[in-house]
Amino acid sequence: MKHVIIGTSGHIDHGKTTLIKALTGRETDNLKEEKKRGISINLGFTFFDLPSGKRAGIIDVPGHEKFVKNMLAGATSLDVVLLVIAADEGIMPQTKEHLEILELLDIKKGIIVLTKSDSVDDEWMEMISDEVKEYLNKTKFKDSSIVKVSSKTGMGIENLIKEIDKVVELVEVKDKEGHFRLPIDRVFSVSGFGTVVTGTILSGTVNVGDTVQLNPKGLECKIRNIQIHDKDVDFGEAGQRAALNLTSIKKEEIKRGDIICSPNIILPSYMINLKFKYLNSNNKNLTNRQRVKVYYGTSEILGRVIILDKDEIKPGEEALIQLRLEEEICCQKGDRLVIRNYSPMYTLGGGVVLDPKATKGRRFKEEYIESLKLRESGNIEDIVENAIYSVSEVFPTKNLIVKEVGRNIENIDNILLNLLNDKKIMKLVASEEVNYVHNKFFNKKSEEIYNVLKKFHTNNELKLGMGKEEVRSKVFSNNIKQKKFQEFIKLMEERNILKQSDKVISLKEFEVKLTKEQKKLKEFILKSYYEGSVYPPKFQDIIAYEKDKKTCEILLNMLIESKEIIKIEDNILMHESVLKDCKHKIVNYLKENNSISLADVKKILNTSRKYLVPIMEYLDNTKVTKRIEDKRILY
């Protein structure tokens, strides 16, 4: 079902609130100060049913220039705007500013409503109508219908309702499949229920019982109840005004401008990049580092403009800019915002978010600017590929990729599959989470590992390879978990770049080259352990009469790494074939008997307790046998 939000816009005292009452029969001025002063200060909310059966939410925005920030909070979520112009006054300053804001926010559908039509004669009405048409001819509302009404007498109200119904049919359906997002415009407590927030659902769906996240604080809470148009419902969808009753969070922890959304889909940031349009109505250039007020969703944030691709921005020009903000913002790629001058207050322009979590940009840096142009005009597959490349260092999951892109992506699975088939990215599946890296990142890291190993081999000619943990630490700074690292190494092994054993890695082409004396010494060590059999000698005793003790130790480590010598315990080493024979005898015994005791082992292996206990513990650890009380069985 299509959900629509209709809003009013226009100059102060042009009859916006009175028009809504004529349309719906309900008041939207609820504050005492509003009733006393006769102007709208805050946003007003209500709804009404159209002849087609659709129910539309209505937002009444204030017209006074002092309350433009409240107008912006309401205008952000509009599908259809009723641009209200009093027939007795015509186009006024706030009419013009509101029109500029509506265009900056890309509000596409509108109806021009000439109110107070009963207070002017036909000649005046014709003049005002012509003036309005002429002014609108320069805007995207040039083809919008003009409806003359009187909220006081009811004249034209039925025609306006019919026109609204027609325009609503043309509104595009909102993104119900994407992530749930709702900018908060009100927060209050209800006795017996707790914290309640209201706003317009920008995208996705929210259900009673869902866990949601308050950003930018990152606090999680649950949806206890949902109301749409004053009725309890099980869920809310994109395009609906909703009141959410939250649990596990206090009213004082929430403020207007915060975002309620699906958990872990938005990354708050102090810097964002956007394509900015500087309004033609400005009378001077926009300079770099100018202080501004930024209006996004229902939030107002102070910041500075960094112009990335120009010295200054002239009125009517577009530019790539970075906003450096004094508070965190939570937006997504493609979102729109408005920027106003810090003092005096007037609208400078607005833009489309290209990078919602930007890195610090340097002015006129070609590579940085090109990446933003890709975000602006590139197809979604190119944007996703670029996002994966930029975060490959942290081995992103699908959710992190979506965060980096900064927008909802309906067909992300198909896009990732296409990139995999085109060999532009790689998938790592060793752990519970599936991770992706760009092929360029893989090649870069492969080259780093190659160079690290090459240097290691040069400095350690007698070592079979470098320890895996040492390689992981040097190349990835422990940013990668062990399972992912092992999968990464396996991929390099499949490409014949390197080879690996349990604990060490070496280049594919590397072989230890021993001198005649080293070969002789190696064979002597092996022979000593082989002849020692199940009473293996101590290493210190083997090399007692050797002068080059350091080379002896290097050769022993090489034999341990190659598994020709097996370390049973810290001070007990055995020849591989001796241990293999022990294992064979134990397994054969257990195949004929249900269990084996240490006494049985002593008889079979004919060795002392000093060696048989470590041997059996080694077999336990390598899952050959399993200890149950004082006996062993086959694992």
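Student: Are Phe 276 and Tyr 278 buried or exposed?
Tutor: This is a predicted model. Residues count as buried under 20% relative accessible area. In the model, both Phe 276 and Tyr 278 are buried.

Student: What is the geometry of the ring pair formed by Phe 476 and Phe 485?
Tutor: The ring centres of Phe 476 and Phe 485 lie 6.0 Å apart, with 80° between the planes. Planes over 60 degrees apart count as edge-to-face. The pair of Phe 476 and Phe 485 is therefore edge-to-face.

Student: How is helix 18 oriented to helix 19?
Tutor: Helix 18 (residues 598-605) packs with helix 19 (residues 609-621) at about 110°, and their axes are 10 Å apart. Angles of 65 to 115 degrees count as roughly perpendicular. Helix 18 is therefore roughly perpendicular to helix 19.

Student: How many nonpolar residues does the contact of helix 18 with helix 19 have?
Tutor: Helix 18 contributes Leu 598, Val 601, Lys 602 and Leu 605, while helix 19 contributes Arg 609, Leu 612, Val 613, Ile 615 and Met 616. By class, the contact has 2 charged residues, no polar ones, and 7 nonpolar.

Note on methods:
Residues numbered from 1 in each chain as written. Predicted model: local features only at pLDDT ≥ 70, side-chain atom pairs only at ≥ 80, totals over all residues. Heavy atoms only, no water. Axes fitted to C-alpha atoms, helices over the stretch in contact; angles between N-to-C directions. Helix = DSSP H or I, 4+ residues; strand = E, 2+ residues; numbered from the N terminus. Parallel < 35°, antiparallel > 145°, perpendicular 65-115°, else oblique. Contact = heavy atoms within 4.5 Å. Nonpolar A, V, L, I, M, F, W, Y, C, P; charged D, E, K, R; others polar. Buried < 20%, exposed > 50% of the residue type's maximum accessible area, 1.4 Å probe, protein only. Phe/Tyr/Trp six-rings, centres within 6.5 Å; stacked < 30°, edge-to-face > 60°.
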